[in-house]
Amino acid sequence: MPKFRLHSPFKPAGDQPRAIKILVERLRRNERNNILLGVTGSGKTFTMACVVERLNRPVLVISPNKVLAAQLYTEFKQFFPENAVEYFISYYDYYQPEAYIPQTDTYIEKDASINEHIDKLRLKATSSILSRKDVIAVASVSCIYNIGSPSDFSNFALRLKKGRVVDRRGLSEQLVSLRYERNDFEFKRGVFRVRGSIVDIFPADMDMAYRVRLGEKLEHITEIDPFTGDEVREIEEAWIYPASHFVQDGENTENALLSIERELKARVWEFEKQKKFLEAQRLRQRVRYDMEMIRQTGYCHGIENYSRHFSGRAPGSRPYCLLDYFPKDYILFIDESHISIPQLRAMYNGDAARKRILVDFGFRLPSALDNRPLKFSEFEKLRPATVFVSATPGKYEVSLCGKKKMAEQIIRPTGLVDPQVKILPLDNQIKSLMEEIESVRRRRERVLVLTLTKKTAEDLSEFFEEKGIKAKYMHSSMDTLKRLEILSDFRDGKFDVLVGINLLREGLDIPQVSLVAILNADNEGFLRSETTLVQISGRAARNSCGKVLIFADRMTGAIKSAVREMERRRKIQIEYNVKRGIKPESIKKKNLDFAHLYQKNRDETYSAVAEFSSLKITPKNKKYIEKELEKHMKSAADNLNFELAAKLRDRLFEIRQH
């Protein structure tokens, strides 16, 4: 079995060796519940990588959102370039779920835009998990949604081996059963084309295509460049995995249709018995249309709502999800568990509430309720030995593991200490804050200000501007690209103060931030909980001059607990620094590297878009430009340069419409 090989110029330091030892020992004993309590800047991802290398077992990392998942995916790819590091997130660029609003009799049809590149990464992740052991899959919480049976996905895989007896028609039929489409004009992922005795196949989960030459037997298998058609190398065998996680043979399809028909009759009878004739007619018409589409084409819009019938599952049984694709000995890391666990817990109820209305009003069969994410109780039964990773573990994780069994990672190898905390009264809080901001500005550093409402954030940033302090606000109502632009300007020093609400807590690690101010901190609730206070305070932990101002007239339980925890961490780090003669210095390199990469990506965006925008489109060069644009777009997405990929995609659409 291939082994994980960690590539890093660093060796474990500070608390890392102890945390690694504890986790490795516990996971070798298959202890199911473990916590890695790692403060901001302590190298939690590196610790996870060291644990993976020593245990040499498949790994799933669940992250609370796509952005943090992308960051982890990039880091693990750098740590393990020789192994399979995969990315599994929702493949929708845009998603409007099917819904019905009874109060206004409004039906909203499902509308979605699927990102084909992310779909490829999802398929690649599952095929890697099924075919090799040295796999790290980084996923968002959407990985607990239904994706079809792993046994079906694996059993339908097509093995092409040199010398095997295969005819062209038989091969084409097998590819069609794997949801591949024959297209002799446009060669893209999930497509095959036939030219005489040659069959070209572009696997849905790969960047490389295969050329198969057929005679009496399969004579040659060659890897080819899918864009140029150039042959790269000859190989002995190749595996073609399905182009969809939902694959069925003809017999299963007929059985599924019979099962759907039985459920339809029972449900229509139930509606008519209740004198709900409109609902009965609506359901009968919709389901019969879907059945005919499935019978004729093997597919219908919203086919996932019939997934229980295709998989043969019992009513109410849990669906298959990504966790089912892993072998029994894999390890699960839940990153930022204080956020991820509540999300995993809430996903089923939100999905069920929407679908229950569709079922009650005759838009869907009751079996649509079984196309769903896992219930949290099902997730709990399914998950393997797990490490909950967070700077502030939630009550649920602590109740499972106990505080004594935590692997604490308090000490930062850099020597940086948790910021000092100063509690000030609410009276004149803006005046006091402005005095602190002036001293920070003189050092050319940055300030984060946390408010309770969007309106306050907007008004406060405007007030700072009037007083000559460069400031901007940021909140969730803004467009994603606008927020990224604001963060980039903040890193580059184009303004000094960023005002926001709770979205500033995670993923905002800017070393120049030396002051965090929390206004109205004694308003108890989610925005001023112990976890929130510790998380936002950690944004100043990458600067040697870090300071936190908490404005409050009374010491709430959350403030007391947060201050006590931060003081405990400060004491541990200071003692470590004194013993080793470490003088803490603000992190500089990471920010400079990020700024350089951002500028490089921005320059690439403008130059690439400008290059293709300036070209005159003619019938002769149109196909070439389309291919080149698509190639650049996919390359940009592979490198997580989504801004460039989006702009190139827009330009590609313009040319195709032209």
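Apart from its neighbours within four places in sequence, T556 is in contact with D522 and E524, where contact means heavy atoms within 4.5 Å. T556 sits in the loop between β25 (547–551) and α17, and T556 is buried, with a relative accessible area of 2%. Buried here stands for under 20% relative accessible area, exposed for over 50%, and partly exposed for the range in between, with a 1.4 Å probe and protein chains only. Helices (H or I, at least four residues) and strands (E, at least two) are DSSP runs, numbered from the N terminus.

This is a predicted model, in which local features need pLDDT of at least 70 and side-chain atom pairs count only at pLDDT 80 or more, while totals for chains, interfaces and linings use all residues. Residues are numbered from 1 along each chain as its sequence is written, and side-chain values use heavy atoms, with hydrogens and water left out.

Strand β18 (residues 386–390) is mostly covered, five of its five residues being buried. On one side of β18 lie T386, F388 and S390, on the other V387 and V389, and all of them are buried, so that both faces are covered. Two strands pair if DSSP finds at least two bridges between them. Strand β1 (residues 33–38) pairs with β18 in the parallel sense over five bridges, and L36 stands opposite V389 in β18. Strand β17 (residues 331–335) also runs parallel to β18, joined to it by four bridges, with F333 opposite V387.

Rolling a probe the size of a water molecule over the atoms shows where empty space is left. A cavity is a set of points, on a 1 Å grid over the protein atoms alone, where a 1.4 Å probe fits but cannot get out, and its lining residues have an atom within 4 Å of a point. Grid points are joined across faces, edges and corners, and a volume is the space filled by probe spheres set on the points. By this rule there are two cavities of 30 Å³ or more.

| Cavity | Volume | Lining residues by class |
|---|---|---|
| Largest | about 70 Å³ | five nonpolar, three polar, three charged |

Around the second largest cavity, the lining residues include R286, N305, Y306 and R364.

Key
On a 1 Å grid over the protein atoms alone, a cavity is a set of points where a 1.4 Å probe fits but cannot get out, and a pocket is an open set with protein on both sides within 12 Å along at least five of seven lines; lining residues have an atom within 4 Å of a point. Ala, Val, Leu, Ile, Met, Phe, Trp, Tyr, Cys and Pro count as nonpolar, Asp, Glu, Lys and Arg as charged, and the others, Gly among them, as polar.
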